[in-house]
Amino acid sequence: MFTPLNDRVLVRRIEGDEKTKGGLIIPDNAKEKPAECEIVAVGAGARDADGDRIAMDVKTGDRILFGKWAGSEIKFDGEDLIILKESDILGIIA
């Protein structure tokens with residue numbers, strides 16, 4: 001498996017609905033990429049000035065929201081994933 005370094009996380013996009021609330025089907029070319037993801041892997045955390053690890057606020061399995069232009073898209077084992085810095089995460093979905 002892939003393990004991100006430092007304060008980075010590996011996430012998988014969670015696909016949105018195919019229809020609007022009114023029942024209209026949204027074509028693929030009109031959809032925006034969802035900003036909601038599930039965390040697949042978490043790095044060990046950044047280091048502070050003394051060299052100690054700073055604990056991560058997120059964990060594997062958390063559902064998160066991130067900024068529209070954040071992260072780097074990669075393909076790993078045939079799956080499209082995104083690597084983000086923890087600071088790019090906007091929040092955890094409860």
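A: Let's begin with a term: buried means under 20% relative accessible area, exposed over 50%, and partly exposed in between, using a 1.4 Å probe and protein chains only. A salt bridge is a side-chain nitrogen of Lys or Arg within 4 Å of a carboxyl oxygen of Asp or Glu. Lys and Arg count as positive, Asp and Glu as negative, while His and the chain ends are not counted.

This is a predicted model, in which local features need pLDDT of at least 70 and side-chain atom pairs count only at pLDDT 80 or more, whereas totals for chains, interfaces and linings use all residues. Residues are numbered from 1 along each chain as its sequence is written, and side-chain values use heavy atoms, leaving out hydrogens and water. The pLDDT is the predictor's confidence in each residue, from 0 to 100; its average over the protein chain is 84, and 80% of the residues score at least 70.

Now to Glu 86, which lies in the loop between E5 and E6. Strands (E, at least two residues) are DSSP runs, numbered from the N terminus. Glu 86 is buried but has no salt bridge, and the nearest side chain of opposite charge, Lys 85, is 9.3 Å away. Leaving aside residues up to four places away in sequence, Glu 86 touches Asp 7, Met 56, Asp 57 and Val 58, where contact means heavy atoms within 4.5 Å.

What is the order of the strands in the open sheet? The six strands run E4-E5-E1-E2-E3-E6, with antiparallel pairing; two strands pair if DSSP finds at least two bridges between them. E4 and E6 (89-93) are at the edges with a single partner strand each, so one side of each has no neighbour in the sheet.

Asp 77 is exposed, with a relative accessible area of 72%.

Another residue to look at is Asn 6, in the segment before E1. Asn 6 is not a glycine, yet has a positive phi of about 50°, and counts as partly exposed at 36% relative accessibility. Most residues other than glycine have a negative phi.

Terms used
Helices (H or I, at least four residues) and strands (E, at least two) are DSSP runs, numbered from the N terminus.
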